[in-house]
Amino acid sequence: MGFEPPQRLVRALGRTYGRTAAAEWLDRLPELLPGALEQAGLTAERVVAPGGRSSLVVLVPGAALKLAPPAARPDLERDALAHWNGWGTVKLLGEAGEGGLLLERLHPEVSLRSLPEAKALLEAADTIRKLWVTPPAGHGFETVAARTERQAGLMASYQADADAGTLVTAALTARAELLAGTGAGTGTTAGTDAGSGPGSGPGSDETFLLHGAFRQGKVLAGDRSPWLAVGPEPLVGERAYDLARLVRDRVEDLVAASAGASTARRRVNKLADSLEVDRERLRGWTLFRAVESATRALTAGLRADAELLLEFAGWL
């Protein structure tokens, strides 16, 4: 099958892994894709475009084939999807080729972003609630502490930045307090009592399996269920971390609105209360994740994207 990988994928892989590493994997795709299709006994219908930012998705009869570079850890996505077994997520049907996952076929052109914002957030909350389960025994997923430690190391280089420095320092301080547990109990924790289950007590003590990259665009329409999550970057830890990326969905609309700041703060409170997550822990992780994304955008030379994220972070 001759094809050109979607340009969004080419650009995103270059920003994430560096142009050289990304080019090496992209150059191998003309052999990786036919090999995966042959192994699974399938024929390709079309490449999903614009597609995702970390993998190539090809529609095949009755399913979808996803190919991702080794650095994206498709093995961890496989393990997480196998554990969820279709509960709130796309169903894993098998493996194909090097780093290839055969997945239930959804409707890639219809995500929660196609819904009005209020309805989209309601459906997103209902979907992410299903994903927060006890991790499998002997899992190889990293923790929230480990992932954010790597990110914090890169963020620290921006503490002297004239535009981002103050917020970077605030985000790093928030992370340290959250992991120390000092952020717990300072806000509202709805519906939880000590000893009532795996979600009880300080959020830093939670060990749920998390999606890791959850947002409206990661929830697609399906036939088996109206909405199913895709594209996890799985890890284990507290729910507030997993919910934080959702808070800033449609950030460009928030920044453009006259009431964007108050809307963002209400969104934190509403999502926290509806999903029984501590408000202050969600606010702290939302700040950290927004600033971390902003520093990555600065590193990639995407200053306009960074400015949007920093303005949003400043509201928190």
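Select W285 and F288 first: both belong to helix α10, three residues apart, which is about one turn of the helix. Helices here are DSSP runs of H or I with at least four residues, and strands are runs of E with at least two, numbered from the N terminus. This is a predicted model, in which local features need pLDDT of at least 70, side-chain atom pairs count only at pLDDT 80 or more, and totals for chains, interfaces and linings use all residues. Residues are numbered from 1 along each chain as its sequence is written, and side-chain values use heavy atoms, leaving out hydrogens and water.

Display the two rings next. Rings of Phe, Tyr and Trp (its six-membered ring) pair if their centres lie within 6.5 Å; planes under 30 degrees apart are stacked, over 60 edge-to-face, and the rest tilted. The ring centres of W285 and F288 are 5.8 Å apart with planes at 90 degrees, so this pair is edge-to-face. F288 is buried, with a relative accessible area of 0% (buried: under 20%; exposed: over 50%; partly exposed in between; 1.4 Å probe, protein chains only).

Y241 and W285 form an edge-to-face pair, at 5.4 Å centre to centre and 85 degrees between the planes. Y241 lies in helix α7 (residues 239-247) and W285 in helix α10 (residues 279-299), so the pair ties together parts 44 residues apart in sequence. Both Y241 and W285 are buried.

Finally, show the whole protein chain, which has eleven helices and ten strands. Its C-alpha trace spans about 55 × 45 × 40 Å along the principal axes. Buried residues make up 49% of its 316 residues.
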